[in-house]
Structures are given as C-alpha cells and as structure tokens.
Amino acid sequence: MRQHRQFLAAQARDAAQAPVVGHPSVDRIATFDGLATVSLIAPRPLLLIAGRQAITSWMSVQAYQSAGGPKELHWIDGASHVDLYDKDEYVTPAVAKLAEF
C-alpha cells in the first residue's frame with residue numbers, strides 16, 4: 001500500500017508542475033487521506049465509479065468496504081483512472097451510471 005501512495009504522490013506532484021494546474025496546495029492534495037473518513041458519508045448515498053484497469057482501484061474497493069450504506073461500486077471495464085477523465089468510451093458509461101444513481 002505504501003508503494004501505491006508513493007506512486008500517487010509522485011503523480012500529483014508531476015501534475016502540479018504542469019502549466020495548467022500549478023496549484024500551490026499540491027502537497028496537501030498528495031497527503032490527503034479520504035479513506036480515513038469515508039465512513040462519515042453514511043447515511044448519504046455513495047456511488048463509486050472506478051476503472052477496472054486503474055492502479056487506484058484498490059482505493060475504491062477499500063472505500064466501498066469502509067462506507068456505510070446505501071452504497072454502490074460501479075466498474076468501467078477497460079478503463080484506467082485517467083481514462084475516466086476524458087475518453088468518451090469510458091466517460092459516457094460513467095456519466096450514464098451517475099445519472100441513473
């Protein structure tokens with residue numbers, strides 16, 4: 001798990017150095033642990049949408065397991081984490097699921 005967090009922190013730092021992002025609070029984003037408080041979302045409904053090929057998919061599973069209900073984990077076959085940002089073949093079914101939810 002530590003290796004995954006280091007990988008994600010490195011990605012966040014790289015993204016922050018891109019001209020489009022460049023936000024000074026990247027260190028806060030890279031060290032944020034949303035899994036620590038996911039149990040507080042209940043009783044509000046929770047929909048997690050994750051790509052089956054996402055290196056971050058373990059986080060979706062862990063969040064789902066930690067959350068109270070109602071909750072749903074929806075998988076997008078073939079998608080990585082980043083694919084869900086702007087690849088129509090993955091974004092379209094994700095948005096359809098969100099609209100249904």
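Contact is taken here to mean heavy atoms within 4.5 Å. The structure is a predicted model, in which local features need pLDDT of at least 70, side-chain atom pairs count only at pLDDT 80 or more, and totals for chains, interfaces and linings use all residues. Residues are numbered from 1 along each chain as its sequence is written, and side-chain values use heavy atoms, with hydrogens and water left out.

Leaving aside residues up to four places away in sequence, L35 touches W58, M59, Q62 and A63. L35 also belongs to the largest nonpolar core, which has 9 residues, among them V38, W58 and A63. Such a core is a set of buried Ala, Val, Leu, Ile, Met, Phe, Trp, Tyr and Cys residues joined through side-chain atoms within 4.5 Å. Buried means under 20% relative accessible area, exposed over 50%, and partly exposed in between (1.4 Å probe, protein chains only). Strand 1 (46–51) and helix 3 (57–66) each supply at least two residues of the core; the largest share, 3 residues, comes from strand 1. Helices (H or I, at least four residues) and strands (E, at least two) are DSSP runs, numbered from the N terminus.

The whole structure holds 4 salt bridges, a salt bridge being a side-chain nitrogen of Lys or Arg within 4 Å of a carboxyl oxygen of Asp or Glu. In the bridge between D77 and R52, the closest N and O atoms are 3.0 Å apart. These two residues lie in distant parts of the chain, 25 residues apart. D77 is exposed at 58% relative accessibility, and R52 is partly exposed at 44%.
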